[in-house]
Amino acid sequence: MKTFKGMLFCASAIALGGSFAAQAQEDENERKLATVTVTGSAIAGSPEDAALPVDVITAQDLKLEGNPSLTELIRNLGVSSGIDGETNQFASNGLEGTSNINLRGLGPARTLVLINGRRQTYAPYAIGEQAQLFVDTNTLPSSAVGRIEVLKDGAAAIYGSDAIAGVVNFITRTDLEGLEVGGSFSQFDGSDGDYGLTASYGLQMGNASWITSVGYNFRSEVPLLEKDWAILPRAENPVGGFSGISNPGRFVPLGITGPIAPFNVNDNGCVALGGTLAPTCNFQFTQYDNLVEEETRYQIFSEYNRDFDNGMKFHIEGLYANTDVPEWKTSPSYPPQVLTSQFVPTTNPGYAAYTAANPGAFPAGTIGSLFIGRSFGWGGFPGTGGAQVGNRAYESYRLASDLTGDFGESMNWDLGVSYSTTIGTRSTNDTYISAFAAGLRGFGVCTDPITGADPATGTVPWAPGYTGVLVAGAGACQWFNPFSNGIAASGVTGEANPNFIPGLQNTVAIAEWMTDPSFTEVTTSLLVFDAVLSGQLGIDFGGGAVGWAAGAQVRTETLKVEPSALTDLAVTPGPGGTGPYAFLAGTNASDNEQTIYAVFAEAQIPLGDTVDVQLAARFEDYGGGAGSTFDPKVAAKWQIMDAFAMRGSAQTSFRGPTLNQIDGVGTSLQFVAPTSAFKAVDQFGNPNLQPESATSFNIGGLVDIGGFTASVDYYNFDFSDPIIVEEQSSIVNAAIAAINAGNLTSPILSRITFQNPLIPSGAGIARIRTNVANGPDIQTSGIDFRANQVIDDVFNGQTLTLGVDGTYVIEYVVADFEIEGVTIAGGDRVGQFNRSNFSRSLPQWKANAFANLEVGDHNFRVVARHTTDYADERPAGQRGGVGETIEAQTTFDLFYNWQAPYGIDFGLSVVNVTDEDPPFAAFDLNYDPYTHNPFGRTVKVSFKKRFGPEG
């Protein structure tokens, strides 16, 4: 009887279950696992004998699931929570084009990602709200992957820091002979389609092999307007992409005398252009944004292996990957963080025309007004009439090699070196603070946009005593018109503006003069030297010889930040010290590195025929403030009877701060509830960080009775001093409480920049400072479960496999902690959206069920995926009074695969057959991007053709 290993996994694939995952059969070309080095150990063995919960996902498994992207695969796994890989720009904060893995919801920085057992450098940009660097899993072409080994257990004793939550090891194929080409095309409603092309060529030359794989992927742009659930009226979701700082905006008249109370003047063109009065004009910036950005990716991976007659083996591999997001769409402009410089004199032509058309709109005595709004909004950006465009790009290189051999029959040696580097660039447009102020006063284009000064005199033309020749609106000087009478049509619908007055529109020249890209280039690199000895001792406890391994590692990490002159705070501090831009903060150039030294030892002890024990320990030295650590681990598997076994492990783990966490400043855009708008949250590194550590254990039972297999594992992690980014919402709430109590000297107020420093209020928040810090202790535990039944000889001899798997999170308890002397309450974060804190979404359980039918060369699979409901823990005011519960969701997927004649594989998949929309969440795009798939029904067709001995 032949069954497929992939049939032992639930449809989610290849879900993380028990070690029996490695016991099912697989494609014959993959059957090389019996004497390999298994992830989680440095000793050659087999997954079947391992005491650790290692799951092996082969290329065959992936094929039966429609060859999902890694992001799709990881999102579906019960063991993963809070995935950043497929998020929109309001959740990813500039990480478009990258993907990561987050086991146990502990953060992607705490899952170690390996390629052929060796480390890969971090992606250059960290997750904005968490300051966590991660390995970009988009760099490896899918056609190069032979299998993926997932260790859902702490492994710092073997691999060192980062392996707190587990390890994901991508192992490339080495057995291909001949040429293999493939392609896929997928589409969902609103998309023009995504496609991928792959090609692999392998040479098997007796004692040597050379295999090269290339990949090309293209994703088409999908505007949010293509999804009716993504753009909702303000009445249905007040926090669904709305900002009270709009264009058209509002005006605060100045110079009024007498008993007239201060008041606002709303531009009466708001509603005609698409805005909502509530009570001031609200701008829905998401109407200009994309659900998916256009993205192009190239990948190439090549490796050479050689076995020498003297027993030595040589391996070398190279990787190149290029990801380009060339037209990253965003709002026509961002809201200024400080509005006090946006003075509009009554001589502004737009002002004069507005008062002529609306007599009495401004009270008598008005000498001008403050414009409470942004530079461009409902009319789009001049010249394009739509969004502003930025870009993101990544280029990665990797070269790794190792040489292995033996000292007789009892000892092996392994020497390895690897180097990887990634260069990332981000370009995002913003409006100059001083240029905006100068344009409103009639000195646009003719003055310096960064300072607003007359280039000839170095002073601003509206300053008292100015002696230059510039005149507002004369010669080269242009007015910027903030009124709706300068907008010809809606930038979203194209409908004409009835209030438009020809000749008052803002020119492309002044728009381009007022804006420029904030640009950074960040480079990471990693150089690793490994040396390992392993073998067998002449000791036998009744189950075979004791295996052992010992080794040393030296790795050097670098992080170099190179901002453009305009983004470099040392070069262009701007009028407020945060840079020249109205919204985006600048950053500092830096060039840092750290070297980490480690030694480890491991022993595998077969105690009789039924018990295997693994002992391991590692000493790692970061130097400096992070210091050193000693981390032991013990794991065991007890085969109580043929049908039942138990396994367990316990270990300590350690992770020092990464280079981005101890230095520099970054900015993310986050919704700040009291302002009803996105605000800039500046994040500062902390050179005084202490390392984080964890104690964890896992215990489980395994059942194997004929065609039935099952596993249940209980896991428990206890974190100390986790490195976090302080929660901006906690800072804001504490600051408002201090203001309401009249405590205007509270240290917490130092974390906030107010629009009017003399009159602090929640609504007047301009920007917020957060620090990277050692946070509160975290305790999390849960249960992984899986069961599969293989039924042979059904339907005239066919094989049917039924299965279910899932993860139930028992607790995720965060302790109380302090910020500037203010206690921030913790609590259990399971079953929450967690938008009010540093955690990610944590549904209490996720489960999947599948049925797989193998009919000769045809394979049919149906999958049901379920995520339970969970609460939006934020107060009603912070979520707009809606979305108290994010509803449960169940979707169904269908997969068909035909192993056709002439070496052709054909696949057809329909994901989310019933076209379910993602459950509503009070977030910018009305769904939780960390948990749910937003695309709806997706149809994918794929093929693969082999030329050569296998074809």
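Author: The link between Cys-446 and Cys-477 is right-handed, with 100° about the S-S bond. The two residues form a disulfide in which the sulfur atoms are 2.1 Å apart; the term stands for a pair of cysteine sulfur atoms within 2.5 Å. Distant parts of the chain are linked by this pair: Cys-446 and Cys-477 are 31 residues apart, both in the loop between helix H7 (433-440) and helix H8 (508-514). Helices (H or I, at least four residues) and strands (E, at least two) are DSSP runs, numbered from the N terminus.

The model is predicted, so local features need pLDDT of at least 70 and side-chain atom pairs count only at pLDDT 80 or more, while totals for chains, interfaces and linings use all residues. Residues are numbered from 1 along each chain as its sequence is written, and side-chain values use heavy atoms, with hydrogens and water left out.

Cys-446 and Cys-477 are both buried, where buried means under 20% relative accessible area, exposed over 50% and partly exposed in between (1.4 Å probe, protein chains only).

A search of the whole structure finds two disulfides. The other one joins Cys-270 to Cys-281, with 2.1 Å from S to S. Its torsion about the S-S bond is about 85°, so this disulfide is right-handed. Cys-270 belongs to helix H5 (residues 270-273) and Cys-281 to strand S16 (residues 281-284), 11 residues apart, and the pair links distant parts of the chain. Cys-270 and Cys-281 are both buried. With the bonded cysteines numbered in sequence order, the pairing is 1-2, 3-4.

Two strands pair if DSSP finds at least two bridges between them. S15 and S16 run antiparallel and are joined by two bridges; Leu-277 stands opposite Cys-281, the cysteine in S16.

Another open sheet has four strands in the order S14-S13-S21-S20, again with antiparallel pairing. Strand S14 (265-266) and strand S20 (343-345) are at the edges with a single partner strand each, so one side of each is left without a neighbour in the sheet. Between them, strand S13 (residues 250-254) and strand S21 (residues 368-372) run antiparallel and are joined by five bridges. Leu-254 has Gly-368 of S21 as its bridge partner.

Rings come next. Phe-251, Tyr-351, Tyr-354, Phe-362, Phe-371, Phe-376, Phe-381, Phe-436, Phe-480 and Phe-483 are linked into a cluster by ring pairs. Rings of Phe, Tyr and Trp (its six-membered ring) pair if their centres lie within 6.5 Å; planes under 30 degrees apart count as stacked, over 60 as edge-to-face and the rest as tilted. By this rule there are 31 aromatic pairs. One of them is the edge-to-face pair of Phe-833 and Phe-923, at 5.7 Å centre to centre with 90° between the planes. Phe-833 is in the loop between strand S41 (827-828) and strand S42 (845-855), and Phe-923 in the loop between strand S47 (904-911) and strand S48 (938-947), so the pair ties together parts that are 90 residues apart in sequence. Phe-833 counts as buried at 1% relative accessibility, and Phe-923 counts as buried at 7%.

Rings also receive charges. The charged end of Arg-426 sits over the ring of Tyr-125, 3.9 Å from its centre, and Lys-945 lies over the face of Phe-947, 4.8 Å from the ring centre. A charge sits over a ring if NZ of Lys or CZ of Arg is within 6 Å of the ring centre and within 35 degrees of the ring normal.

Strand S26 (residues 590-607) pairs with strand S27 (residues 611-623) in the antiparallel sense over 11 bridges, and Gln-604 has Gln-614 of S27 as its bridge partner. Three residues lie between S26 and S27 in this hairpin, and Gly-608 in the turn has a positive phi of about 75°. S27 is also joined to strand S28 (residues 627-641) by 12 bridges, and the two run antiparallel. Here Val-611 stands opposite Trp-638 in S28. The hairpin of S27 and S28 has three residues between the strands, and Gly-624 in its turn has a positive phi of about 60°.
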